[in-house]
Amino acid sequence: MKVVLLGTAAGGGFPQWNCACALCAAARDGRLPSRTQDCAAVTGNGRDWWLLNASPDLRTQLAATRALWPGPGPRDTPVRGVLLTDAEADHATGLTELRGAAGLKIYAAPPVHGALAPARAALDRYAPWEWADSLADGGFVLAGGLVVTTHPVGEKVPKYVPDQASTPSGPWVTAYRIEDLATGGVLVYAPCVGAWSPVLDGLCAEADCVLLDGTFFAADEMGTAVRSGAGQAAMGHLPVTGPQGSLAALARHPGARRIYTHLNNTNPLLDPASPARARVAAYGAEILPDGTELVV
């Protein structure tokens, strides 16, 4: 199974257009590498590719990745569809870049389908797509020899959803376990995680590679970096460090390659020379640039 990290930043990318924090300033003047918004692509055979989320930067990401270029026919594409982890704007608005490509298949949990209903209706006017339930019993098989199961990891409802108090129950945020049927390699993709759980421990225990939510390094990061009063817990992301953080939990699973993605523009992990990066590396976890190719 091949995986390409198309983008590794959280919503807004890095640098974020309206942020003048020290990290964004360093990226603007070339001292730190820029990153596009989180998205990945996976294939089991090198021909059929599936997107893991669809970021607003998707057009740029597809153009930068040779394996995802169109051909051999003038309108052929190796992209077969998208697996959405949630309905957040920075994970789903890239679907509009795919409009007009007939025959795509979009997997998502039922609440996500409901939230995207207006967009679904608009996109289907360009070309009909198949919208599938990612939580179907027994999982599902993707073209290219990949079998997928979907696992709830959060309940955060996107801000744009009206009347949130009466929104449907059910998992709004999910993780994907993707297994290569030919080799047995297992990838876990969980770019948004509200809190660590036994579900995640179970997934990591049998994974060869984990792409995990690294949005915030510390619980007070937003206030420290940009003097924001917004609480990170309300944003649906557990921090990397701290008593309930993901780093200590990942340490229980040394058999997996552990990679943080979905990095917020305030996260010191964006700086390779930072003490934060050294701390994560000491635990055996990695921060990789956009465009990195993995074999699982």
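Strand β10 is joined by four bridges to strand β11 (residues 209–213), and the two run parallel. Within this pairing, V188 has V210 of β11 as its bridge partner. The model described here is a predicted one.

Strand β10 also pairs with β9, in this case in the antiparallel sense and again over four bridges. Here Y176 stands opposite Y189 of β10. The hairpin formed by β9 and β10 has five residues between the strands, and G184 takes a positive phi near 85° in it. Strands of a sheet pair through backbone hydrogen bonds, and the pairing may be parallel or antiparallel.

A175 lies in strand β9 (residues 173–180) and is buried, with a relative accessible area of 0%. Leaving aside residues up to four places away in sequence, A175 touches T149, T150, H151, V153, Y189, A190 and L203. A175 and S55 are 120 residues apart in sequence, and their C-alpha atoms are 16 Å apart in space.

The next element to consider is an open sheet of seven strands with mixed pairing, in the order β6-β5-β4-β3-β2-β1-β14. Strands β6 (130–133) and β14 (293–295) stand at its edges with a single partner strand each, so one side of each is left without a neighbour in the sheet. From one strand to the next, the twist averages 25°. Inside this order, strand β3 (residues 49–52) and strand β4 (residues 79–83) pair in the parallel sense over four bridges, and W50 stands opposite G81 in β4.

Finally, there is the open space in the model. Rolling a probe the size of a water molecule over the atoms shows where empty space is left. The second largest pocket has a volume of about 550 Å³. It is lined by 18 residues, of which P70, R75, T77, E97 and A101 are the closest to its centre. Helix α2 (residues 58–63) gives the most to this lining, with three residues.

Conventions
Residues are numbered from 1 along each chain as its sequence is written. This is a predicted model: local features need pLDDT of at least 70, side-chain atom pairs count only at pLDDT 80 or more; totals for chains, interfaces and linings use all residues. Side-chain values use heavy atoms; hydrogens and water are left out. On a 1 Å grid over the protein atoms alone, a cavity is a set of points where a 1.4 Å probe fits but cannot get out, and a pocket is an open set with protein on both sides within 12 Å along at least five of seven lines; lining residues have an atom within 4 Å of a point. Grid points are joined across faces, edges and corners, and a volume is the space filled by probe spheres set on the points. Two strands pair if DSSP finds at least two bridges between them. Axes are lines fitted to C-alpha atoms, for helices over the stretch in contact, and angles run from 0 to 180 degrees between N-to-C directions. Buried means under 20% relative accessible area, exposed over 50%, partly exposed in between (1.4 Å probe, protein chains only). Contact means heavy atoms within 4.5 Å.
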